[in-house]
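I opened a new notebook for this one.

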Amino acid sequence: MIAIGLDGFRKGWVAVTLHSDRAAIDFVPDISWLRSQHFTIAAIDIPIGLSDDGERACDREARALLRPHGSRVFSGARRWLWRDFAYPQDFAKANQAAALRGQTRVSLQLWHLGPKILEVDQFVRSHRDLDLRESHPELVFRRLNGERPLPSKHSADGLKLRRDLLIGRGVVQIDDWLASARIGSGAKADDVLDACACALAARDLAAFDRTERCGDRSERCVPRGEPPRDDHGLPMQIWY
(Lines give C-alpha, C1' and ligand atoms only; values in the text may rest on other atoms or scores of the structure.)
Protein backbone atom coordinates (compact mmCIF):
# COMPACT_ATOMS: atom_id res chain seq x y z
CA MET A 1 0.00 0.00 0.00
CA ILE A 2 1.47 3.33 -1.09
CA ALA A 3 -0.26 6.62 -0.31
CA ILE A 4 0.60 10.07 -1.61
CA GLY A 5 -0.56 13.45 -0.36
CA LEU A 6 -0.14 16.69 -2.31
CA ASP A 7 -0.46 20.35 -1.45
CA GLY A 8 0.29 23.25 -3.74
CA PHE A 9 2.92 25.89 -3.13
CA ARG A 10 4.42 28.73 -5.12
CA LYS A 11 6.81 26.61 -7.19
CA GLY A 12 4.65 23.51 -7.65
CA TRP A 13 3.52 20.77 -5.30
CA VAL A 14 4.69 19.32 -2.01
CA ALA A 15 4.30 15.54 -2.37
CA VAL A 16 4.50 13.24 0.66
CA THR A 17 4.67 9.49 0.07
CA LEU A 18 3.84 7.02 2.85
CA HIS A 19 4.73 3.36 2.45
CA SER A 20 4.68 0.58 5.00
CA ASP A 21 8.45 0.73 5.45
CA ARG A 22 9.41 4.21 4.27
CA ALA A 23 8.29 7.80 3.89
CA ALA A 24 9.52 10.51 1.56
CA ILE A 25 8.91 14.11 0.59
CA ASP A 26 9.36 15.64 -2.85
CA PHE A 27 8.96 19.16 -4.16
CA VAL A 28 7.74 18.71 -7.72
CA PRO A 29 7.05 21.35 -10.39
CA ASP A 30 3.80 19.94 -11.77
CA ILE A 31 1.18 17.30 -11.16
CA SER A 32 2.37 15.11 -14.05
CA TRP A 33 4.97 13.77 -11.57
CA LEU A 34 2.22 11.40 -10.42
CA ARG A 35 2.42 9.51 -13.73
CA SER A 36 5.82 8.15 -12.77
CA GLN A 37 4.75 7.03 -9.29
CA HIS A 38 3.32 3.71 -8.19
CA PHE A 39 0.60 4.38 -5.60
CA THR A 40 -2.65 3.01 -4.26
CA ILE A 41 -4.44 6.28 -3.53
CA ALA A 42 -3.33 9.90 -3.80
CA ALA A 43 -5.14 12.77 -2.08
CA ILE A 44 -4.72 16.40 -3.07
CA ASP A 45 -5.79 19.70 -1.57
CA ILE A 46 -7.41 21.20 -4.67
CA PRO A 47 -10.95 21.08 -6.07
CA ILE A 48 -11.73 18.05 -8.24
CA GLY A 49 -15.05 18.17 -10.02
CA LEU A 50 -16.18 21.70 -10.92
CA SER A 51 -19.72 22.95 -11.29
CA ASP A 52 -20.64 25.70 -13.76
CA ASP A 53 -21.77 28.04 -10.99
CA GLY A 54 -19.05 27.17 -8.46
CA GLU A 55 -21.53 25.70 -5.98
CA ARG A 56 -20.69 22.27 -4.53
CA ALA A 57 -22.34 20.35 -1.72
CA CYS A 58 -18.94 19.10 -0.52
CA ASP A 59 -17.77 22.67 0.10
CA ARG A 60 -20.91 23.55 2.05
CA GLU A 61 -20.63 20.44 4.21
CA ALA A 62 -16.90 20.91 4.80
CA ARG A 63 -17.49 24.52 5.83
CA ALA A 64 -20.17 23.40 8.29
CA LEU A 65 -17.85 20.80 9.84
CA LEU A 66 -15.08 23.35 10.27
CA ARG A 67 -17.18 25.95 12.07
CA PRO A 68 -16.26 28.35 13.56
CA HIS A 69 -13.46 28.32 10.97
CA GLY A 70 -15.53 27.56 7.88
CA SER A 71 -13.68 30.28 5.98
CA ARG A 72 -10.83 27.78 5.61
CA VAL A 73 -12.84 26.24 2.75
CA PHE A 74 -12.48 28.17 -0.52
CA SER A 75 -15.39 27.60 -2.87
CA GLY A 76 -16.45 28.98 -6.23
CA ALA A 77 -14.03 27.35 -8.70
CA ARG A 78 -15.43 27.28 -12.25
CA ARG A 79 -13.60 26.16 -15.38
CA TRP A 80 -14.93 29.02 -17.48
CA LEU A 81 -13.38 31.63 -15.19
CA TRP A 82 -9.86 30.78 -16.31
CA ARG A 83 -10.83 29.44 -19.71
CA ASP A 84 -12.57 32.63 -20.84
CA PHE A 85 -10.46 35.20 -19.03
CA ALA A 86 -6.70 35.72 -18.98
CA TYR A 87 -4.87 35.05 -15.73
CA PRO A 88 -3.87 37.09 -13.79
CA GLN A 89 -4.95 40.40 -15.34
CA ASP A 90 -8.65 39.70 -15.97
CA PHE A 91 -9.74 39.24 -12.35
CA ALA A 92 -12.21 42.13 -12.47
CA LYS A 93 -13.61 41.07 -15.85
CA ALA A 94 -14.12 37.51 -14.64
CA ASN A 95 -16.09 38.76 -11.65
CA GLN A 96 -18.17 41.04 -13.86
CA ALA A 97 -19.06 38.00 -15.98
CA ALA A 98 -19.95 36.02 -12.85
CA ALA A 99 -22.28 38.81 -11.73
CA LEU A 100 -23.97 38.89 -15.14
CA ARG A 101 -24.61 35.15 -14.77
CA GLY A 102 -26.12 35.71 -11.35
CA GLN A 103 -23.22 33.88 -9.68
CA THR A 104 -21.03 34.70 -6.69
CA ARG A 105 -17.77 36.55 -7.19
CA VAL A 106 -14.49 34.67 -7.03
CA SER A 107 -12.13 35.69 -4.23
CA LEU A 108 -8.67 36.94 -5.10
CA GLN A 109 -7.12 34.00 -3.25
CA LEU A 110 -9.14 31.50 -5.29
CA TRP A 111 -8.40 33.42 -8.50
CA HIS A 112 -4.68 32.90 -7.90
CA LEU A 113 -5.30 29.14 -7.50
CA GLY A 114 -6.81 29.02 -11.00
CA PRO A 115 -3.75 27.69 -12.87
CA LYS A 116 -3.31 24.86 -10.34
CA ILE A 117 -7.03 24.04 -10.39
CA LEU A 118 -6.98 23.72 -14.19
CA GLU A 119 -3.71 21.77 -14.08
CA VAL A 120 -5.25 19.15 -11.81
CA ASP A 121 -8.58 19.20 -13.68
CA GLN A 122 -6.88 18.40 -16.96
CA PHE A 123 -4.69 15.74 -15.36
CA VAL A 124 -7.60 13.95 -13.67
CA ARG A 125 -9.70 13.95 -16.83
CA SER A 126 -6.76 12.49 -18.79
CA HIS A 127 -5.81 9.85 -16.18
CA ARG A 128 -9.06 8.35 -14.95
CA ASP A 129 -7.25 5.09 -14.20
CA LEU A 130 -5.41 6.76 -11.30
CA ASP A 131 -7.09 6.99 -7.90
CA LEU A 132 -6.60 10.69 -7.19
CA ARG A 133 -9.10 12.20 -4.74
CA GLU A 134 -9.80 15.64 -3.39
CA SER A 135 -8.97 16.12 0.26
CA HIS A 136 -8.92 19.00 2.75
CA PRO A 137 -6.11 19.10 5.33
CA GLU A 138 -8.19 20.98 7.90
CA LEU A 139 -10.79 18.20 7.88
CA VAL A 140 -8.01 15.63 8.32
CA PHE A 141 -6.46 17.52 11.24
CA ARG A 142 -9.89 17.96 12.82
CA ARG A 143 -10.40 14.18 12.66
CA LEU A 144 -6.96 13.54 14.14
CA ASN A 145 -7.76 16.05 16.90
CA GLY A 146 -10.84 14.14 18.03
CA GLU A 147 -13.22 16.26 15.91
CA ARG A 148 -12.21 19.37 17.85
CA PRO A 149 -11.41 22.71 16.13
CA LEU A 150 -7.74 23.66 15.84
CA PRO A 151 -6.02 27.04 16.17
CA SER A 152 -5.03 28.71 12.91
CA LYS A 153 -2.22 26.97 11.05
CA HIS A 154 -0.60 30.40 10.74
CA SER A 155 -0.09 30.58 14.51
CA ALA A 156 2.73 28.98 16.50
CA ASP A 157 0.25 26.96 18.56
CA GLY A 158 -1.58 25.80 15.44
CA LEU A 159 1.61 24.66 13.72
CA LYS A 160 2.81 22.81 16.83
CA LEU A 161 -0.49 21.01 17.33
CA ARG A 162 -0.58 19.86 13.70
CA ARG A 163 3.04 18.70 13.93
CA ASP A 164 2.28 16.75 17.12
CA LEU A 165 -0.78 15.13 15.55
CA LEU A 166 1.29 13.98 12.57
CA ILE A 167 4.00 12.53 14.78
CA GLY A 168 1.30 10.73 16.74
CA ARG A 169 0.21 9.06 13.51
CA GLY A 170 3.73 7.90 12.67
CA VAL A 171 5.02 10.75 10.49
CA VAL A 172 8.19 11.01 12.57
CA GLN A 173 10.17 12.62 9.74
CA ILE A 174 8.17 15.84 9.94
CA ASP A 175 10.89 17.95 11.59
CA ASP A 176 13.45 16.96 8.95
CA TRP A 177 10.91 17.71 6.22
CA LEU A 178 10.11 21.12 7.67
CA ALA A 179 13.83 21.86 7.72
CA SER A 180 14.25 20.75 4.11
CA ALA A 181 11.42 23.07 3.06
CA ARG A 182 13.11 26.02 4.77
CA ILE A 183 16.43 25.31 3.08
CA GLY A 184 15.25 26.42 -0.32
CA SER A 185 12.28 24.64 -1.82
CA GLY A 186 10.07 27.70 -1.50
CA ALA A 187 7.43 25.75 0.42
CA LYS A 188 6.21 26.98 3.79
CA ALA A 189 5.72 24.97 6.95
CA ASP A 190 1.96 24.78 6.54
CA ASP A 191 2.39 23.48 2.96
CA VAL A 192 4.42 20.55 4.29
CA LEU A 193 1.97 19.88 7.11
CA ASP A 194 -0.99 19.98 4.71
CA ALA A 195 0.68 17.55 2.29
CA CYS A 196 1.28 15.18 5.21
CA ALA A 197 -2.37 15.42 6.23
CA CYS A 198 -3.48 14.55 2.71
CA ALA A 199 -1.08 11.60 2.68
CA LEU A 200 -2.59 10.32 5.93
CA ALA A 201 -6.07 10.63 4.43
CA ALA A 202 -4.93 8.59 1.43
CA ARG A 203 -3.21 6.00 3.63
CA ASP A 204 -6.25 5.54 5.84
CA LEU A 205 -8.55 5.25 2.84
CA ALA A 206 -6.29 2.63 1.28
CA ALA A 207 -6.26 0.69 4.55
CA PHE A 208 -10.06 0.72 4.69
CA ASP A 209 -10.25 -0.45 1.09
CA ARG A 210 -7.89 -3.30 1.86
CA THR A 211 -9.92 -4.49 4.86
CA GLU A 212 -13.25 -3.78 3.12
CA ARG A 213 -14.49 -1.70 6.05
CA CYS A 214 -16.67 0.38 3.76
CA GLY A 215 -18.90 1.62 6.55
CA ASP A 216 -16.00 3.29 8.33
CA ARG A 217 -14.61 4.68 5.10
CA SER A 218 -17.89 6.37 4.19
CA GLU A 219 -17.71 8.40 7.40
CA ARG A 220 -14.67 10.21 6.06
CA CYS A 221 -16.06 12.03 3.07
CA VAL A 222 -18.50 14.83 2.31
CA PRO A 223 -21.03 14.34 0.99
CA ARG A 224 -21.42 10.70 2.02
CA GLY A 225 -22.50 8.02 -0.39
CA GLU A 226 -22.55 8.36 -4.15
CA PRO A 227 -21.23 11.85 -4.95
CA PRO A 228 -22.66 14.43 -7.35
CA ARG A 229 -20.68 14.59 -10.58
CA ASP A 230 -19.77 17.49 -12.82
CA ASP A 231 -20.27 17.79 -16.58
CA HIS A 232 -17.17 15.63 -17.18
CA GLY A 233 -18.26 12.89 -14.80
CA LEU A 234 -15.78 13.85 -12.05
CA PRO A 235 -16.96 13.31 -8.47
CA MET A 236 -17.46 16.40 -6.32
CA GLN A 237 -16.51 14.87 -2.97
CA ILE A 238 -13.92 15.69 -0.31
CA TRP A 239 -12.16 12.84 1.52
CA TYR A 240 -10.45 13.09 4.87
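I started with Thr 17, which counts as buried at 5% relative accessibility; buried means under 20% relative accessible area, exposed over 50% and partly exposed in between, with a 1.4 Å probe and protein chains only. Before going on, I noted that this is a predicted model, where local features need pLDDT of at least 70 and side-chain atom pairs count only at pLDDT 80 or more, while totals for chains, interfaces and linings use all residues. I also noted that residues are numbered from 1 along each chain as its sequence is written, and that side-chain values use heavy atoms, with hydrogens and water left out.

Thr 17 sits in strand S2, residues 12-19. Strands here are DSSP runs of E with at least two residues, helices are runs of H or I with at least four, and both are numbered from the N terminus. I listed what Thr 17 is in contact with, leaving aside neighbours within four places in sequence: Ile 2, Ala 3, Ile 4, Arg 22, Ala 23, Ala 24 and Trp 33. Contact means heavy atoms within 4.5 Å. I also checked Thr 17 against Gly 146, 129 residues apart along the chain, and got 24 Å between their C-alpha atoms.

**Cys 198 in H8**

Next I went to Cys 198, in helix H8, residues 189-211. Cys 198 counts as buried because its relative accessibility is 0%. Not counting residues up to four places away in sequence, I found that Cys 198 touches Ile 4, Gly 5, Leu 6, Ala 43, Ile 44, Asp 45, Ser 135 and Pro 137. Ile 4 is 194 residues from Cys 198 along the chain, yet their C-alpha atoms are separated by 7.4 Å.

I found His 136 in the loop between strand S5 (132-135) and helix H5 (137-144). Buried or exposed, I wondered about His 136? His 136 is buried, with a relative accessible area of 10%. A polar atom of the His 136 side chain lies 3.1 Å from the backbone oxygen of Arg 72. For a polar contact, I need a pair of N or O atoms within 3.5 Å; within protein, one must be able to donate a hydrogen and the other to accept it, and residues adjacent in sequence count only if both atoms are side-chain atoms. Neighbours within four places aside, His 136 is in contact with Asp 45, Leu 66, Arg 72, Val 73, Ile 238 and Trp 239.

I moved on to Arg 143, which is in H5. Arg 143 is buried too, as its relative accessible area is 12%. I noted its touches beyond four places in sequence: Arg 169, Leu 200, Ala 201, Asp 204, Arg 220 and Tyr 240.

Then I looked at how H5 packs with helix H6 (residues 156-168): the angle is about 70 degrees and the axes are 10 Å apart. That makes H5 roughly perpendicular to H6. On the H5 side I have Glu 138, Phe 141 and Leu 144, meeting Arg 162, Leu 165 and Leu 166 in H6. By class, this contact has four nonpolar, no polar and two charged residues. I used these classes: Ala, Val, Leu, Ile, Met, Phe, Trp, Tyr, Cys and Pro are nonpolar, Asp, Glu, Lys and Arg are charged, and the others, Gly among them, are polar. The axes are lines fitted to C-alpha atoms, for helices over the stretch in contact, with angles running from 0 to 180 degrees between N-to-C directions. Angles under 35 degrees count as roughly parallel, over 145 as roughly antiparallel, 65 to 115 as roughly perpendicular and the rest as oblique.

**The loop between H5 and H6**

I looked up Glu 147 in this loop. Glu 147 has a positive phi of about 65 degrees although it is not a glycine, and it is partly exposed at 39% relative accessible area. Arg 148 is found in the loop between H5 and H6 as well. The Arg 148 side chain reaches the backbone oxygen of Asn 145 at 3.2 Å.

**Two cis prolines**

I noted a cis peptide bond joining Tyr 87 and Pro 88, with omega about 5 degrees. Pro 88 lies in the loop between helix H2 (79-84) and helix H3 (91-100). Another cis bond joins Val 222 and Pro 223, with omega about -10 degrees.
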